[in-house]
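Subject: Structure handover

Hello,

Please find the structure below, followed by notes on what was found in it.

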Amino acid sequence: MSKALGYKAFGDASVQVFFDRQVPVPGPAEVLVRVEAAGVNPLDHKLRAGHVSAMNGHLPFPQVLGMEAAGTVLAVGEDVTGLAVGDRVTGFALTGAGTYAETTLLLGTSTARIPDALPATWAATIPVAGTTALDVLDQLGLPAGASLLVNGIGGGVGIALAQLARDRGLVVTGTASTAKRDLVTATGATFVDYTEGDVAQRLRAQAPDGFDAVADTVGGDSLREIAPLGRTVISVGDPSVTEVGGVAVERRVDRAGLERVAELMVAGKLDPHITGTYPLARADEALALVESLHARGKLVIDLGL
Ligand SMILES: NC(=O)c1ccc[n+]([C@@H]2O[C@H](COP(=O)([O-])OP(=O)(O)OC[C@H]3O[C@@H](n4cnc5c(N)ncnc54)[C@H](OP(=O)(O)O)[C@@H]3O)[C@@H](O)[C@H]2O)c1
């Protein structure tokens, strides 16, 4: 059996439940992994709430939280290539298998080996925040010296975007709340506090000609306020970005992207800024913090704790 945190119905955090599940058996395209660390993401509570039931509405309850994990391969499906039992890996649990658990299934084509030097806690943040930031920057294709405004720079995706953009020679500005000033400026980005009144006006004062691009991680009214400042606008979380002339990020979720982000971490170009590690027994606390919408950097469940 394998301990897991899941939910017995769609709803708020009160539907969450710790339970023992059978160790899953990998299908032909999957690998079974002993989880060493799992990333905590906003999509986890959105899935639990039933807000994206096209993704998980067909799965039986209890469902298990979590969509990314790093760990060691225990078994490999017959169609999976390039992975073997004993490999240290990171990847996506796109099958709905859930990663807030001692063991999980990852999709073979969305799972990559990780370098020995990379701690599992860092590797567990690669699939969602890491490769989303990579996809945004690849899609924008900005030249060195271009200006980028990251709306919501203090969260998991934002803090990765800040560092990977700087590595490409972009000039980065980011919005966040007061307490994130040091976190943001440490990445070399210019910090703009969105809690201090008319943020669009203050950004305009700083960049009268606007920004070459706006990368949005917040969405909603905040995106609408900020979008006119960018010659190009891309959003990672709000598909209505098209209504303000922008585009949604196109996600690749492939092995090559995972490997590229792992290399950037090992090269010292990307620190996921893990601000909290939680044992599985306290995974609900980590998710509650993300659900507060004001998480700082990344939160990770560490099965070694
Ligand atoms: N398409 C994809 O594949 C994909 C992948 C990853 C994430 N996403 C989506 O992208 C969004 C962000 O994900 P994440 O992992 O970065 O979330 P996160 O780690 O929970 O961070 C959210 C951040 O938003 C900031 N924030 C909230 N309101 C803000 C505002 N008005 N202005 C500026 N910042 C604000 C918060 O910081 P403050 O405390 O400073 O407010 C917090 O740091 C979520 O909606 C997620 O579902 C999509």
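A residue is called buried when its relative accessible area is under 20%, exposed when that area is over 50%, and partly exposed in between (1.4 Å probe, protein chains only). The model is predicted, so local features need pLDDT of at least 70 and side-chain atom pairs count only at pLDDT 80 or more, while totals for chains, interfaces and linings use all residues. Residues are numbered from 1 along each chain as its sequence is written, and side-chain values use heavy atoms, with hydrogens and water left out.

Valine 40

With a relative accessibility of 2%, valine 40 counts as buried. Valine 40 sits in the loop between strand 3 (30–39) and helix 1. Helices (H or I, at least four residues) and strands (E, at least two) are DSSP runs, numbered from the N terminus. Contact means heavy atoms within 4.5 Å. Leaving aside residues up to four places away in sequence, valine 40 touches Glu68, Tyr100, Ala286, Leu287, Val290, Lys298, Leu299, Val300 and Ile301. The C-alpha atoms of valine 40 and methionine 67 are 8.2 Å apart, although 27 residues separate the two along the chain.

Helix 1 and helix 10

Two packed helices are described by the angle between their axes and the distance between the axes. Axes here are lines fitted to C-alpha atoms, for helices over the stretch in contact, and angles run from 0 to 180 degrees between N-to-C directions. The axes of helix 1 (residues 42–49) and helix 10 come within 9 Å and cross at roughly 95°. Angles under 35 degrees count as roughly parallel, over 145 as roughly antiparallel, 65 to 115 as roughly perpendicular and the rest as oblique. Helix 1 and helix 10 are therefore roughly perpendicular to each other. On the helix 1 side, Pro42, Asp44, His45 and Arg48 meet Leu287, Val290 and Glu291 of helix 10. Sorted by class, this contact has 3 nonpolar, 1 polar and 3 charged residues. For that sorting, Ala, Val, Leu, Ile, Met, Phe, Trp, Tyr, Cys and Pro count as nonpolar, Asp, Glu, Lys and Arg as charged, and the others, Gly among them, as polar.

Two strands pair if DSSP finds at least two bridges between them. An open sheet of 3 strands has antiparallel pairing and the order 2-1-4. Its edge strands, each pairing on one side only, are strand 2 (16–21) and strand 4 (63–64). Strand 1 (residues 2–7) pairs with strand 2 in the antiparallel sense over 6 bridges, and glycine 6 has valine 17 in strand 2 as its bridge partner. Helix 10 (residues 283–291) lies across strand 1 and strand 2, at about 140° to strand 2.

Another open sheet has 6 strands, paired in parallel, in the order 11-10-9-12-13-14. Strand 11 (190–193) and strand 14 (247–248) are the edge strands, each pairing on one side only. Helix 7 (residues 199–206) packs on this sheet and touches strand 9 (147–151), strand 10 (171–176), strand 11 and strand 12 (211–216); the direction of helix 7 makes about 150° with that of strand 11.

What encloses strand 12, and how many of its 6 residues are buried? Of those residues, 5 are buried, so strand 12 is largely enclosed by the rest of the structure. Strand 9 and strand 12 run parallel and are joined by 4 bridges, with leucine 148 opposite alanine 213 in strand 12. Strand 12 also pairs with strand 13 in the parallel sense, over 5 bridges; here the bridge partner of phenylalanine 211 is glycine 230 in strand 13. Strand 13 (residues 230–235) and strand 14 pair in the parallel sense over 2 bridges, and serine 235 has alanine 248 in strand 14 as its bridge partner.

Backbone details

A cis peptide bond with omega of about -5° joins phenylalanine 61 and proline 62. Proline 62 lies in the loop between helix 2 (53–56) and strand 4. Histidine 273 is not a glycine, yet has a positive phi of about 55°; histidine 273 is found in the loop between helix 9 (255–266) and strand 15 (274–278). Leucine 293, also a residue other than glycine, has a positive phi near 70°. Leucine 293 is in the loop between helix 10 and strand 16 (298–302) and is exposed, with a relative accessible area of 65%.

Regards
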